[in-house]
Amino acid sequence: MVSSAGLISEDFRAVAVIGWPVGHSRSPLIHNFWIKRHNIAAEYRREAVPPEKFADFLLTLRDRGYIGANITLPHKEAVLSLTEPDDRARAVGAANTVWFEGAGLRSTNTDIEGFLANLDAETPGWEKALQGALVLGAGGAARAIVFALIERGVGRIHLANRTFARAEALRERFGAAIDPVQWSDVGGVLPDVQLLVNTTSLGMTGQPKLDIDISRLPSDAVVADIVYVPLQTPLLAAAQERGLRTADGLGMLLHQAVRGFSLWFGVRPEVTDELRALVEADLKHGAAIQE
Ligand code: ATR
C-alpha cells in the first residue's frame, strides 16, 4: 500500500469519513492529529460518496484499502443494513463508525459515549442529584442522547420536539422513561430538570435561535448543546451568564472520536487541550457548517 507520503509499507492503514458532502468534516483533523501523536503509519481521508453509490462503496471498503471508516450524513441510517450493527447502533437506529471484525463489517454509534464522556469531563457529578432531564429534538442525535441517559440510569427524560409525533415515537422506542412534551410546554418543565440538552439545529450559524427562557432552570442545572458552530451557542451563553455549568458540542465531537480510533488502531487516544485548540482554530477559519 502507498501512503500519501509515498512510503510503501505493509503496515500502512487507511481510514476515511464517508459522507455526501464531506468537505466540512473535522474528523480528518482529529484522527490525523492522533495518528501523528501515536506514530502510526496511517492516514485518515475524506470520501465523498453519493447515496446511490454508498452500498457498493461500503461493500468494497476493504478492497479500497480501508480498515474502517466514519459514516456521516446522509448515510448514518443506510449503514445499518449493510453491516452487523452492535446493540447501540441498533437501539439508536443509526451508526457513525464501522470496523472489520474477522470477515465481517461491524457498525456502532459513538455519539452515546461521546455525549457521556464530554459531560463527565466538563461537568463532573452531573448525574448525582439528577431527578429529570429535558432533551430538545427527536432526530438521530436525540436518540443517541436518550439512549445514553437511560444507560446512566436517568429515570425521567422529558422530550420536547416541534413535531410532537416524533417525540411520541421516541417513547415507543425507548419506553416509559420518556415523557413527550409539546414544544410550547417547554417552559413548564424547566423547573423539574437538572439537565437540559439541545439536540436540534437551532442556534447553529444560519439557523434561528433557540427561543427558550432558561431562567426557570434550577440553579444546579447543567446545560449541554450538540451544536458547535458557533462554539458558544446563544443557549450556552445564557446558561453561563446565569452561572450554570455547561458542556459544548465540540467536546462531544472530540470525545465521540475516541472509540473509532481505538477500534481501528488498538490505541485509546486522549482528548487534550491541544487537540481542542487545533479544531477550534479550524472552525474559526473554516466554513460554518456542522457535520
Ligand atoms: P439529527 O438526526 O442530526 O438529529 P434531524 O433528524 O434532522 O437531525 O433532527 C433535527 C431536529 O431539530 C428535529 O428534532 C427538528 O424538529 P422536527 O422533528 O419538528 O423537524 C429540530 N428542528 C429543526 N429546525 C427546527 C426549528 N426551526 N424549530 C424547532 N425544531 C427544529
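Modeller: We can go through a helix, some aromatic rings and the ligand. This is a predicted model, so local features need pLDDT of at least 70 and side-chain atom pairs count only at pLDDT 80 or more, while totals for chains, interfaces and linings use all residues. Residues are numbered from 1 along each chain as its sequence is written, and side-chain values use heavy atoms, with hydrogens and water left out.

Biologist: Which residues of helix H7 are buried?
Modeller: In H7, residues 164-174, they are Ala167, Leu170 and Phe174. Buried means under 20% relative accessible area, with a 1.4 Å probe and protein chains only. Helices are DSSP runs of H or I with at least four residues, strands are E runs of at least two, and both are numbered from the N terminus.

Biologist: Where do they fall, seen down the axis of H7?
Modeller: Within an arc of 50°, so they line one face of the helix. The arc is that of the directions from the helix axis to the C-beta atoms.

Biologist: And what do they pack against?
Modeller: Helix H4 (87-92), helix H6 (140-151), strand S8 (157-161) and strand S9 (178-182). Contact here means heavy atoms within 4.5 Å.

Biologist: What comes just after H7?
Modeller: Gly175, with a positive phi of about 95°.

Biologist: Switching to aromatics. How many pairs?
Modeller: The count is 4. Rings of Phe, Tyr and Trp (its six-membered ring) pair if their centres lie within 6.5 Å; planes under 30 degrees apart are stacked, over 60 edge-to-face, and the rest tilted. Phe261 and Phe265 have ring centres 4.8 Å apart and planes at 55°, so that pair is tilted. Both lie in helix H10 (residues 249-265), 4 residues apart, about one turn of the helix.

Biologist: Are those two buried or exposed?
Modeller: Both Phe261 and Phe265 are buried. The rings of Trp264 and Phe265 are 6.4 Å apart at their centres with planes at 80°, so this pair is edge-to-face.

Biologist: Which residues do the ring pairs link into a cluster?
Modeller: Trp34, Tyr44, Phe261, Trp264 and Phe265.

Biologist: Now the ligand. Which residues come nearest?
Modeller: Of the 13 around it, Gly140, Asn161, Arg162, Thr163 and Arg166. A residue counts as near if one of its heavy atoms lies within 4 Å.

Biologist: What is 2.6 Å from an oxygen atom of the ligand?
Modeller: A polar side-chain atom of Asn161. A side-chain N or O atom of Arg166 is 2.8 Å from a ligand oxygen, and a polar backbone atom of Ala138 is 3.0 Å from one.

Definitions and conventions:
Buried < 20%, exposed > 50% of the residue type's maximum accessible area, 1.4 Å probe, protein only. Polar contact = N/O pair within 3.5 Å; in protein donor to acceptor, adjacent residues only side chain to side chain.
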